[in-house]
Amino acid sequence: MFKHIYRDMMSMVKHLPYGFLIGLPVATLLLWAMDRARRRKGEPPVSKLPVAAFGIYLSMMLVITFLSRESGNSKGFDLELFSTWGINDRNNAYVIENIMLFVPYGFLGSWAFEKMGNFFRCLALGALTSLCIESLQLVTGRGFFQIDDILTNTLGAVIGCLVYRLFLFCGKK
């Protein structure tokens with residue numbers, strides 16, 4: 001299983017520069033929009049590093065989930081819960097990879113947006129983001145819509161949020 005995870009991660013490395021290049025303008029637009037909204041409310045400017053890191057991460061995640069796949073090779077859906085785990089090492093690797101993909105979402109999102117540090121908000125946003133990705137993969141034919149992916153991605157976001165909260169807790173001591 002770990003051999004598959006390692007191989008899959010190494011195959012994604014070549015796509016990361018594209019994600020980073022797309023992420024720079026995304027992060028800039030995100031910072032601009034957030035600062036503008038905060039100024040209207042009379043609030044201090046947003047913390048630049050966490051928001052920029054989140055914007056770049058989102059772009060990299062979208063490149064991995066869409067642009068790194070061939071078009072039209074896996075159109076379909078699977079609505080059976082837990083249908084992926086336990087079949088073979090390859091499918092088990094996909095489950096672990098889906099969790100790992102969303103851990104930074106929960107961590108960086110909680111760091112960038114104070115409200116996302118709330119466990120239930122992070123859970124809801126992780127599920128919603130994953131549902132959007134899965135739906136777009138189904139529509140574009142660049143992936144296979146699986147309910148398991150939504151569950152594992154959401155779990156990854158929650159783990160990332162909990163790790164962030166653990167960092168905060170340890171930092172206060």
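**Notes on the predicted model**

1. Start with the pair α5 and α6. The axes of helix α5 (residues 119-140) and helix α6 (residues 147-172) come within 8 Å and cross at roughly 145°. This is a predicted model, so keep that in mind for everything below. The crossing of α5 past α6 is right-handed.

2. Who makes that contact? On the α5 side, the residues include Phe119, Cys122, Leu123, Gly126 and Ala127, along with Ser130, Leu131 and Glu134. From α6, the list includes Asp149, Ile150, Asn153, Thr154, Ala157 and Val158, plus Cys161, Leu162 and Arg165.

3. Next, have a look at α4. This helix covers residues 89-112, which is 24 residues, and spans 35 Å from first C-alpha to last, close to the 34 Å expected at 1.5 Å a residue. At its start, a side-chain oxygen of Asn88 comes to within 3.1 Å of the backbone nitrogen of Arg90.

4. Which other residue pairs with Arg90? That would be Glu97, which forms a salt bridge with Arg90, the closest N and O atoms being 3.7 Å apart. Glu97 is buried too, at 17% relative accessible area. Through shared partners, salt bridges join Asp8, Arg90 and Glu97 into one network.

5. The count of salt bridges comes to four. Among them is the one between the side chains of Arg38 and Glu43, at 3.7 Å from N to O. Here Arg38 counts as partly exposed at 25% relative accessibility, and Glu43 is also partly exposed, at 36%. As a reminder, side chains of opposite charge can pair when their charged atoms come close.

6. Phe82 has a phi near 65°, a positive value in a residue other than glycine. Most residues other than glycine have a negative phi. Where is Phe82 found? It lies in the loop between β1 (77-78) and α4. Is Phe82 buried or exposed? Phe82 is exposed, with a relative accessible area of 56%.

Terms used:
Residues are numbered from 1 along each chain as its sequence is written. This is a predicted model: local features need pLDDT of at least 70, side-chain atom pairs count only at pLDDT 80 or more; totals for chains, interfaces and linings use all residues. Side-chain values use heavy atoms; hydrogens and water are left out. Helices (H or I, at least four residues) and strands (E, at least two) are DSSP runs, numbered from the N terminus. The expected span of a helix is 1.5 Å times one less than its number of residues. A polar contact is a pair of N or O atoms within 3.5 Å; within protein, one must be able to donate a hydrogen and the other to accept it, and residues adjacent in sequence count only if both atoms are side-chain atoms. Buried means under 20% relative accessible area, exposed over 50%, partly exposed in between (1.4 Å probe, protein chains only). Axes are lines fitted to C-alpha atoms, for helices over the stretch in contact, and angles run from 0 to 180 degrees between N-to-C directions. A crossing is left-handed if the near helix is turned anticlockwise from the far one by less than a right angle, and right-handed if clockwise. Contact means heavy atoms within 4.5 Å.
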